[in-house]
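Please keep the model open beside the text as you read.

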Amino acid sequence: MSNFDYDCLIVGGGPAGLTAAIYLTRFHLRIRLIDAGNSRASWIPCSHNHAGYPEGINGKELIRLMTEQAQKYGAKIECARVTRLERIEGGFEADWGSGLETAQTVLLATGVTNRRPPMDEDLHDEALARGLIRYCPICDGYEVTDKRVGIIGDDSHGVAEAMFLRSYTREVTLIAPHGDHRKLDAQDWSRLGGCGIAAVDGPVTDIRVEGDEIVLATAAGEQRFDSVYPALGSDVHSSLAGMVGVELAGDGCIGVDDHQRTSVPGLYAAGDVVKGLDQISHAMGEGGVAATTIRNDLAKQGPLLR
């Protein structure tokens, strides 16, 4: 169909990228998926709100199954990191350490990374696996019903997360990570007070696990919880989009239209790197929309014939 190495290069192997890979290979398009190997979905010990798995599914297992499905239809998947993306006539050129390759279209499904609280990495991963640390109240708020929950945050985002979790349990505490809650305004304090949410000053100087509890050392003394949610924001992986001049939102997310097209022709984006719900189901939906749009946009340039 073209002189490019691929019809589409997908960057990112999380739920959005893998869904797109399944669609595009079944459209008989030539694709390559490059994944750095750290999808946020792989952090999930067990997702209970992903439809079709009544007993829940481990994030790594979901990624494995989706990868297997994409490869069944011929998707070429490589574990590497794309370090450069450049616009060329009619398409794009990318480098991921094994030489330059070209693609007529590119789908960025590079996601985001949650900012972690200050603690030992191995201890963090253990606490995450046990549900002592959680990052997505939409995903797993149900699991903390009537439990003691702490939110590490000192801005309106932390207040919003505390308010959301208050609909699951009465025992919610907002903890400032670095000092006091001076970032909160009168409206924030009113919302917290009206719902009986405690606010504790930091800094958080130590986090440890004792039995089935996670313990935070703060300026106000030790705080013990069944689960803690860090509300510290996230880092958006949109640097490749910036390399080719894509318009980014103020928070670094990639802006797209209703069909996942970016401001640069031939470049598409899906999943958490696009502002949205940060949900597996939502990312998969965007991956499907993006893949179908890519197929149809390519068909406008010439018939896709077997």
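**Strands, helices and salt bridges**

Let's begin with a pairing: the bridge partner of Ile34 in strand E3 is Glu78. Before going further, note that this is a predicted model, in which local features need pLDDT of at least 70 and side-chain atom pairs count only at pLDDT 80 or more, while totals for chains, interfaces and linings use all residues. Residues are numbered from 1 along each chain as its sequence is written, and side-chain values use heavy atoms, with hydrogens and water left out. The element names follow DSSP runs numbered from the N terminus, with helices (H or I) of at least four residues and strands (E) of at least two.

Between E1 and E2 the chain passes through helix H1, residues 15–26, in a right-handed β-α-β crossover. Right-handed here means that, with the strands pointing away from the viewer, the path from the first strand over the helix to the second runs clockwise. A right-handed β-α-β unit is also made by E2, H2 and E3.

How many residues of E2 are buried? The count is 5 of the 5, so the strand is largely enclosed by the rest of the structure. Buried means under 20% relative accessible area, exposed means over 50%, and partly exposed lies in between, using a 1.4 Å probe and protein chains only. In a regular strand the side chains alternate between the two faces of the sheet. In E2, Ile31, Leu33 and Asp35 point one way, Arg32 and Ile34 point the other way, and all are buried.

(A salt bridge is a side-chain nitrogen of Lys or Arg within 4 Å of a carboxyl oxygen of Asp or Glu.) Arg32 lies in E2 (residues 31–35) and Glu78 in E3 (residues 76–79), so the pair ties together parts that are 46 residues apart in sequence. Arg32 is buried, at 14% relative accessible area, while Glu78 is partly exposed at 21%.

Now turn to helix H2. Arg64 and Glu68 both lie in this helix, which spans residues 59–72, and they are 4 residues apart, about one turn of the helix. Their side chains meet in a salt bridge at 3.1 Å, N to O. Arg64 is partly exposed at 41%, and so is Glu68 at 45%.

The side chain of Thr67 reaches the backbone oxygen of Ile63 at 2.8 Å. That is a polar contact: a pair of N or O atoms within 3.5 Å, where within protein one must be able to donate a hydrogen and the other to accept it, and residues adjacent in sequence count only if both atoms are side-chain atoms. Leaving aside neighbours within four places in sequence, Thr67 is in contact (heavy atoms within 4.5 Å) with Leu18 and Ile77.

The whole structure holds 28 salt bridges. One of them joins Asp180 and Arg182, whose closest N and O atoms are 2.9 Å apart; Asp180 is partly exposed at 30%, and Arg182 is exposed at 70%. Elsewhere, Arg148, Asp206, Arg208, Glu210, Glu213, Glu222, Arg224 and Asp226 are linked in a network of salt bridges.

Finally, the cysteines. The structure holds 1 disulfide, defined as a pair of cysteine sulfur atoms within 2.5 Å. Cys136 and Cys139 form this disulfide, with their sulfur atoms 2.4 Å apart. The torsion about their S-S bond is about 70 degrees, so the disulfide is right-handed. Cys136 is buried at 18%, whereas Cys139 is partly exposed at 24%. For Cys79, the closest cysteine sulfur is that of Cys8, 19 Å away, too far for a bond. Cys79 is exposed, with a relative accessible area of 63%.

How values were computed:
Two strands pair if DSSP finds at least two bridges between them.
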